[in-house]
Amino acid sequence: MLDATPKKLAERTSGSMINPAKTCQPIGAMYAALGIHRCLPHSHGSQGCCSYHRMHLTRHFRDPVMASTSSFTEGASVFGGGANLKTAIKNVFEIYDPDIMAVHTTCLSETIGDDVPTIIRQAEVPEGKVVFHANTPSYQGSHITGFSNMTKAMVTYFAESQLAEKEERVNIIPGFINPGDMREIKRITAAMQIPFTLFPDTSGVVDSPMTGSFQMYPRGGVTLPELKKTGDAKLTIALGRFASSDAAETLEKKCKVRAATLRTPIGIKATDAFVMALRGAFAVEVPRELEEERGQLVDIMTDTHFHFHGKRVAVFGDPDIVAAMTEFLLSLGMKPIHVLTGTPGGALGSGMAGFEGEVKEMLSAAGISGNVKSAGDLFTLHQWIKNEPVDLLIGNTYGKFIAKAEDIPFVRLGFPVLDRSVHSYLPVVGYRGAMRLIEMISGALLDRQDRDAADEDFELVM
Amino acid sequence: MGVPSILENRQQSIVFKGRKKQEIRCETDSEAGCVSQRACVYCGARVVLNPVADALHLVHGPIGCASYTWDIRGSLNSGADLYRNSFSTDLKEQDIIFGGEKKLTAALDELIPQFQPPLVFVYSTCVVGVIGDDLDAVCKAASLRYGIPVKPVQSSGFIGSKSAGYRAACDVLFQLIEPPQPLEKDTKRFRLNYLGDFNLAGEAWIIRSYLERIGVTVNVVFTGDSRYEQIRGAANADLNIIQCAGSMHYLAGKLQEAYGIPCLSVSFLGLDDTAETLRAIARHFNDPSISEQAEALIAEESARVMPAILKYKSRLQGKKAAVYVGGGFKAISLIKQFREIGMEVVMIGTQTGRKEEYEKMDSLVNEGAVILDDANPAELERFMLEQGADLLVGGVKERPLAYKLGVAFVDHNHDRKHPLSGYAGAVNFAAEVYSTLGSPVWQAVQGGVRHGRV
Ligand code: SF4
Ligand code: SF4
């Protein structure tokens, strides 16, 4: 497997990608839009892109993913896609009857230069229905950028500040994470008895229960009135700088809602930071329930630390998740010596340190020297691993090629996971998510140890 | 939610067998605003060329087009695995503004020396079609620099549907084929090309073994587990057999025209089709020993699988199937194959079926069955329910839809888990149908603790 990857690192200057660790903006926008109740994402471009995005999301979530397309043909590429989008808007409300239609662009409509807001203004939108849009040119950023842009569009289009005083409520922007994680974030916030709006919220949409009938618009998702009210909340917590901070900062500018950007709450430190931020802002006690979970997590960490200590790890995937995961690996005493994301770093928003800077700082604080790269690909990661082998690989499904080629234990984390199920239902965030991660990691490491142990070294108790 | 309405423009793309005479509207573009299940030209081209295992497949475009097609087909190979890597020029904003030719040249200059492929495919994507990069020129220059074929694939997504991509791929394959080696006079050889099998789950290997057993040599498979060397020599065959007509008829036509190689449409799906195909090949070569060996193989293999088929048939008798697949050829075979295991097809549709194929389907299905072209999920849902389908055969996007309706599912596309061709495949197919229809999980679907319905 991947026999073609040579060990020797050669300089690469062409800017081409070999085995990408990212994908394009529209799929992120589509995923974010699914997190609005009764919203149909719409892909303004050729049908092929839309098909791919739906297929990819369907494979990850194993749930139907609905989205419509402008179905560009040659005419559209010459005369612009305005007519297609107008017809599409008419047809979508006629046949699929969503409350909201979330239009995102693709490379094609961006390159042609369609002026989407103007087209939307000219289109016939039925009474009481809403169409909004985000520009998502795939030749910039990655799927994370697309998620960020669509989330930001929810703020620019919908957030309003109507009250003189801010309400005791928090907006939480979860970032590109699984619905299981979103549920856990909501559970933690609810346990602290703080009113909240999570947006986008794909729980109950792409992890909807089986009822024996197909719901085009399942029960989940943030509602339009809730989105409007985000402008009256007193705080927005953006979880993950790459996927969430842009929307939070936009909301701060637009409605003066204070914005705080935190790491995705993966691992003990990042979860602590999340809980403390909530406690600090709302002057509430941390409930026993969470104290207890944290205590259990610490107990598990001490019980198992000797399995982890000093183990070398390679981790790759989306920047927010990878940064948080790196922090957690360090908390466990492991050595993340190769850390890579496909998303280009730092270009989003203003004043943001790049991904590389953030991770390197963590590593050097722990006295570890390692390879860190943004805008990287899995070919590079594979070469790093060939040169400096690791004991464990963590990342999305595409990591399995490397894991097999190099015979490394592998833990699946992030997006997409195309070859296992259940992952999207259960959290990796919060204290309980951290427990689950420890279970996954120790399972991978110890199964390997058992598999490879000579009979005389094979132990019952580990 | 109520049953979704059918868009007026779509009504001509849906016909019921036995109701008023109406021709199906197909081979058209999708409606804007549809949740179309259709893919693009690039997708079609990639599907056809991807199994060429020793080629370097470079996608010229922004990253997405390459990411979504990284190893998505379960096309197996024996050895070379360069095709399982994903290469993209990853176009950025400045390339869109100033053109991507420079970047493509740089990518080729980096990748070819690094990977030393015998052949490179460069796929054009939508954006490249619009910014107007001269793929031909860049590829030609690279080809001269490195002395290997570097082939542009004209697969901009918006210039048609998947079938246009098949065509683009066939054009490229044809360019790679060299004139045949002269034959000694009167030499008799039984050598064929097998077109339209992508070796999903190793299917082409099964067929190859059958053909070898009856004394026929497989020159090259287009394109399952193929190599550049084999493709070059494709003209050294006496017959082309085509399975997936949708993608390969065009290539077969070109080979016939250029080198006089006759062709035969075949199907290895189901017992009857497989037997009929082997006999047709034997008839074509008109050689008694091949006929004898074909009959022997048919008898032996049928006898071997019949008990299993009959066992499944007795359990599946009377169940109803809905089918929604890519091309018409597969749809036709599936109607017959379901009949072999006692099932009736009550809904049948394709993404890109051709008119003749729809006529054929119409002649095969029972009264009242619904036939649809380029269906959207709402239509699939509606007709599966109306027709009382117990099972859906489809691709990735249809699977969760079926499950949500409590309908069993078999993947007959990229995600198939077992080979479905030939005799062994017929048993696998019946087994898959049975294992999903017979699973106890469906009993849980109806339950619910809240209303005490467990
Ligand atoms: S951009 Fe074009 S080629 Fe690429 S996936 Fe979309 S439709 Fe297909
Ligand atoms: S990169 Fe652009 S063209 Fe390709 S799939 Fe994504 S949106 Fe479509």
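Colleague: At what relative accessibility does Glu94(A) count as partly exposed?
Modeller: This is a predicted model, in which local features need pLDDT of at least 70, side-chain atom pairs count only at pLDDT 80 or more, and totals for chains, interfaces and linings use all residues, while side-chain values use heavy atoms, with hydrogens and water left out. Residues are numbered from 1 along each chain as its sequence is written, and chains are lettered from A and ligands numbered from 1 in the order in which they are written. Buried means under 20% relative accessible area, exposed over 50%, and partly exposed in between (1.4 Å probe, protein chains only). Glu94(A) counts as partly exposed, at a relative accessibility of 47%.

Colleague: Which residue forms a salt bridge with Glu94(A)?
Modeller: A salt bridge is a side-chain nitrogen of Lys or Arg within 4 Å of a carboxyl oxygen of Asp or Glu. Helices (H or I, at least four residues) and strands (E, at least two) are DSSP runs, numbered from the N terminus. With the closest N and O atoms 3.9 Å apart, the partner is Lys90(A).

Colleague: How many residues apart are Asp201(A) and Lys186(A)?
Modeller: Their side chains meet in a salt bridge at 2.6 Å, N to O. The pair links distant parts of the chain, with Asp201(A) in the loop between β7 (196-198) and α9 (224-229) of chain A and Lys186(A) in helix α8 (residues 179-191) of chain A; the separation is 15 residues.

Colleague: Which helix of chain B holds Arg145(B), the salt-bridge partner of Asp109(B)?
Modeller: The side chains of Asp109(B) and Arg145(B) come to 3.0 Å, N to O. The two residues are 36 apart and link distant parts of the chain: Asp109(B) belongs to helix α4 (residues 101-115) of chain B, and Arg145(B) to residues 135-146, helix α6.

Colleague: Which residues do salt bridges that share partners join into one network?
Modeller: Asp109(B) is partly exposed at 31%, and Arg145(B) at 43%. The network is in chain A, where shared partners join Arg38(A), Asp97(A), Asp99(A) and Lys129(A).

Colleague: Which residue in β9(A) stands opposite Ile237(A)?
Modeller: Strand β8 (residues 233-239) of chain A pairs with β9(A) in the parallel sense over five bridges. In β9(A), the residue opposite Ile237(A) is Ala260(A).

Colleague: At roughly what angle do the axes of α8(A) and α11(A) cross?
Modeller: Axes are lines fitted to C-alpha atoms, for helices over the stretch in contact, and angles run from 0 to 180 degrees between N-to-C directions; contact means heavy atoms within 4.5 Å. Ile185(A), Ile188(A) and Thr189(A) in α8(A) meet Phe274(A), Val275(A) and Leu278(A) in α11(A). The axes come within 11 Å and cross at roughly 40°.

Colleague: Which residue in β12(B) is the bridge partner of Ile14(B)?
Modeller: Strand β1 (residues 14-16) of chain B runs antiparallel to β12(B), joined by three bridges. On strand β12 (residues 370-373) of chain B, both faces are covered, with Val370(B) and Leu372(B) on one side and Ile371(B) and Asp373(B) on the other all buried. The partner of Ile14(B) is Leu372(B).

Colleague: Which residue in β12(B) stands opposite Thr350(B)?
Modeller: Strand β11 (residues 344-350) of chain B pairs with β12(B) in the parallel sense over four bridges. Opposite Thr350(B) is Asp373(B).

Colleague: Which residue in β3(B) stands opposite Met17(A)?
Modeller: Strands of both chains form an open sheet of mixed pairing, in the order β1(A)-β3(B)-β2(B)-β4(B)-β5(B). At its edges stand β1 (17-18) of chain A and β5 (150-153) of chain B; each has a single partner strand, so one side of each is left without a neighbour in the sheet. Two bridges join β1(A) to strand β3 (residues 87-88) of chain B in an antiparallel run. The residue opposite Met17(A) is Ser88(B).

Notes: Pairing = 2+ DSSP bridges.
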